[in-house]
Amino acid sequence: MIDYCILGSGISGSTIANLLSKKHSVVVVDKSKGIGGRTSNKRLKTFSFDHGLQYYSSKNKQFEKFLNLLMKKKVLKYWNGNHLDFTFKKKIVSRKIIGTNGNNNLCKFLLNNINKILDTEILSIKYKEKKWIIKSKHKLILAKNVIITFPFQQTVSLAKKFLKKNILDLKVKMEPNLTLLVSENNAKRIPISSIKLSNSILSWISNENSKERFISNKNLWTIQTNYEFSKKNINFYKKKRAYYSKLILNEFVKITGIEKKKLKIIKIHGWKYSYNRNKTKFKSYWDNNIGFGLCGDWLIGPNAESAWLSASNLYSQIKKPA
Ligand SMILES: Cc1cc2nc3c(=O)[nH]c(=O)nc-3n(C[C@H](O)[C@H](O)[C@H](O)COP(=O)(O)OP(=O)(O)OC[C@H]3O[C@@H](n4cnc5c(N)ncnc54)[C@H](O)[C@@H]3O)c2cc1C
């Protein structure tokens, strides 16, 4: 029987799996075909889009040290170029860090030597005779401990029975996001890496070519809609993909002045649970009696740093003698 079954291969799942794997047997399970959760990178033949997390940044010293280490190992690198900010609200993040080949590089690196079961959605978990029985449609995993790293709403739907009232009572609102991936044919290189916007249904545009991962005569654009637009439309876009794609594309054309006939829609993707702007009173959760843990960005804040800090905090709770 495995010591720890980690559910989710995003930043929090890969961080806790990597830490625990130094002394215990670990398996990581994810419903997606690829590793990385919300850091996922959409790969198409010779090029790719980061359609989730856009870049890593750090406020916490430990996380900064970790990012620096991964830059030395060439897992991560700086995202250079012109980053335009038309919101004029906050101080611009001075250094933007991305994966060398894709933003899920960080998770791939942490899970390199760890046993993974992908493309496997967990449907139920049960605790019986001091062991966890973790079930998907076709698989059954037995483990001494289980750790869930899903967004809050998905955690509740899988494990309500094992969550104490103080967790169930948390008011966690995860914001949605609609993302459009577009390619531009016969394009000249544009000397802009990203654009942060206000007064538009769009909140962010990134120029994938500026990440210098591939050479192409196409420009690739990742376009995100703002909170109000995403919230209003997230539950409808699946039935009207063409309509929403065109709406977002038209706004992109209006802002950039790029000729519409050169643009091709690659994909529209809806993130129902992008991030939780607020923090909870917990950094992670661990019940030593049944070997049950939770970590994830939503406990601490809206970004990769929060996911990493939550997983690190859970590890220190598990290590503490009961
Ligand atoms: C569009 C977008 C843009 C963002 N931009 C930034 C940014 O620029 N900078 C930044 O720092 N952060 C950004 N974030 C937030 C950042 O991506 C997250 O904070 C971080 O990736 C969360 O990691 P996590 O491991 O906690 O969760 P996740 O990455 O969500 O990992 C959870 C995993 O659980 C899996 N899972 C869920 N249910 C099941 C199930 N039943 N069975 C099996 N597996 C399951 C999922 O497939 C997923 O892989 C962005 C997020 C989005 C969506």
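Me: Which way do E2 and E8 pair, and over how many bridges?
Reply: Bear in mind that this is a predicted model. E2 and strand E8 (residues 115–117) are parallel, with three bridges between them.

Me: Which residue in E8 is the bridge partner of Val 28?
Reply: Lys 116 is the partner of Val 28 there.

Me: And what does E2 do with E1?
Reply: Strand E1 (residues 2–7) pairs with strand E2 (residues 26–29) through four bridges, in the parallel sense. Cys 5 has Val 27 in E2 as its bridge partner.

Me: How does E1 pair with E11?
Reply: Strand E11 (residues 140–148) runs parallel to E1, and five bridges link the two. In that pairing, Leu 7 has Ile 148 of E11 as its bridge partner.

Me: What stands opposite Ile 148 in E18?
Reply: That would be Leu 294. E11 and strand E18 (residues 292–294) are a parallel pair with three bridges.

Me: Parallel or antiparallel for E10 and E11?
Reply: Antiparallel, with four bridges between strand E10 (residues 131–135) and E11.

Me: Switching topic. What's the strand order in the open sheet of six strands?
Reply: The order is E6-E13-E14-E15-E12-E16, and the pairing is mixed. Strand E6 (83–85) and strand E16 (263–276) each have a single partner strand, so they are the edges and one side of each has no neighbour in the sheet. Ignoring direction, neighbouring strands in this sheet are turned by 15 degrees against each other on average.

Me: How do E13 and E14 run?
Reply: Strand E13 (residues 194–196) and strand E14 (residues 202–207) are antiparallel and joined by three bridges. Ile 195 is opposite Ile 205 in E14.

Me: OK, domains. What does the assignment give for the protein chain?
Reply: It gives domain 1 (2–54 + 106–170 + 281–319) and domain 2 (174–276). Taken over C-alpha atoms, the centres of domain 1 and domain 2 are 29 Å apart.

Me: How many residues are in contact between the two domains?
Reply: 17 residues of domain 1 contact 17 residues of domain 2. On the domain 1 side, strand E4 (47–50) and H4 supply at least two residues each. E4 has the largest share of that side, with four residues. By class, the domain 1 side has six nonpolar, seven polar and four charged residues.

Me: And the ligand, why does it lie between domain 1 and domain 2?
Reply: Because both domain 1 and domain 2 give residues to the shell around the ligand.

Me: Which residues come nearest to the ligand?
Reply: Gly 8, Gly 10, Gly 37, Arg 38 and Asn 303 come nearest, out of 38 residues around the ligand. The elements giving two or more residues to the shell are H1, helix H4 (152–159), strand E12 (174–184), E16 and helix H8 (304–319).

Me: How many nonpolar, polar and charged residues does the shell have?
Reply: There are 14 nonpolar, 19 polar and five charged residues in the shell around the ligand.

Notes. Residues numbered from 1 in each chain as written. Predicted model: local features only at pLDDT ≥ 70, side-chain atom pairs only at ≥ 80, totals over all residues. Pairing = 2+ DSSP bridges. Axes fitted to C-alpha atoms, helices over the stretch in contact; angles between N-to-C directions. Near = placed C-beta within 6 Å. Nonpolar A, V, L, I, M, F, W, Y, C, P; charged D, E, K, R; others polar. Domains from an automatic or database assignment. Contact = placed C-beta atoms within 7 Å.
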